[in-house]
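Visitor: I am new to this structure and would like to be guided through it slowly. Could we look at it together, one question at a time?

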Amino acid sequence: MECASCDAGIDHCHGTLVVHPEGGFAECTDLSCGDGDRVRHGLIVDCQALGSGCGCATAPGKPLLRQAS
């Protein structure tokens, strides 16, 4: 079974985009996603909303876009 965007041939991602405002980058939970464009993601969360929190504010030199690992 495919989602409506898959059926329509719309470029999209099934992962969640995690935005790190303090670190200036975003990463996707879908390992096959190589594009952090907000338009492609139906689910977008701020890293601080994650249950484990995030250390991006203390991590210097992060790139603007990374893929989740």
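Visitor: In which strand is the place of His41?
Guide: This is a predicted model, in which local features need pLDDT of at least 70 and side-chain atom pairs count only at pLDDT 80 or more, while totals for chains, interfaces and linings use all residues. Residues are numbered from 1 along each chain as its sequence is written, and side-chain values use heavy atoms, with hydrogens and water left out. Strands (E, at least two residues) and helices (H or I, at least four) are DSSP runs numbered from the N terminus, and by that reading His41 has its place in strand β3.

Visitor: Is His41 buried or exposed?
Guide: A residue is called buried under 20% relative accessible area, exposed over 50%, and partly exposed in between, with a 1.4 Å probe and protein chains only. The relative accessibility of His41 is 5%. Because that value lies under the cut-off for burial, His41 counts as buried.

Visitor: Which residues does His41 touch, not counting residues up to four places away in sequence?
Guide: Contact here means heavy atoms within 4.5 Å. Under that rule, the residues touched by His41 are Cys13, Gly15, Thr16, Leu17, Cys28, Cys33, Asp35 and Gly36.

Visitor: Which residues make up the largest nonpolar core?
Guide: A nonpolar core is a set of buried Ala, Val, Leu, Ile, Met, Phe, Trp, Tyr and Cys residues joined through side-chain atoms within 4.5 Å. In soluble globular proteins, nonpolar side chains tend to be buried together. Here the largest such core has six residues in all, namely Cys13, Leu17, Val19, Ala26, Cys28 and Cys33.

Visitor: Which element gives the largest share of this core?
Guide: At least two residues of the core are supplied by each of β1 (13–20) and β2 (25–28). The largest share, three residues, comes from β1.

Visitor: How buried is Ala26, by its relative accessible area?
Guide: Ala26, one of the core residues, has its place in strand β2. Its C-alpha atom is separated by 8.9 Å from that of Asp37, 11 residues apart along the chain. Ala26 is buried, with a relative accessible area of 9%.

Visitor: With which side chain does the side chain of His20 make a polar contact?
Guide: His20 lies in strand β1 and is buried, with a relative accessible area of 4%. A polar contact is a pair of N or O atoms within 3.5 Å, where within protein one must be able to donate a hydrogen and the other to accept it, and residues adjacent in sequence count only if both atoms are side-chain atoms. At 2.7 Å, the partner of the His20 side chain is the side chain of Glu27.

Visitor: How far apart in space are Cys54 and His20, C-alpha to C-alpha?
Guide: Cys54 is found in the segment after β3 and counts as partly exposed at 29% relative accessibility. Leaving aside neighbours within four places in sequence, Cys54 is in contact with His20, Cys47 and Gln48. Cys54 and His20 are 34 residues apart in sequence, and their C-alpha distance is 8.3 Å.

Visitor: Which side chains meet in a salt bridge?
Guide: A salt bridge is a side-chain nitrogen of Lys or Arg within 4 Å of a carboxyl oxygen of Asp or Glu, and a search of the whole structure finds one. It links distant parts of the chain, 29 residues apart, from the loop between α1 (4–8) and β1 to the loop between β2 and β3 (41–46). With an N to O distance of 3.2 Å, the pair is Asp11 and Arg40.

Visitor: What pattern does the protein chain follow, read along the sequence?
Guide: The secondary structure of the protein chain comes to one helix and three strands, and 26% of its 69 residues count as buried. Read along the sequence, the pattern is α-β-β-β.
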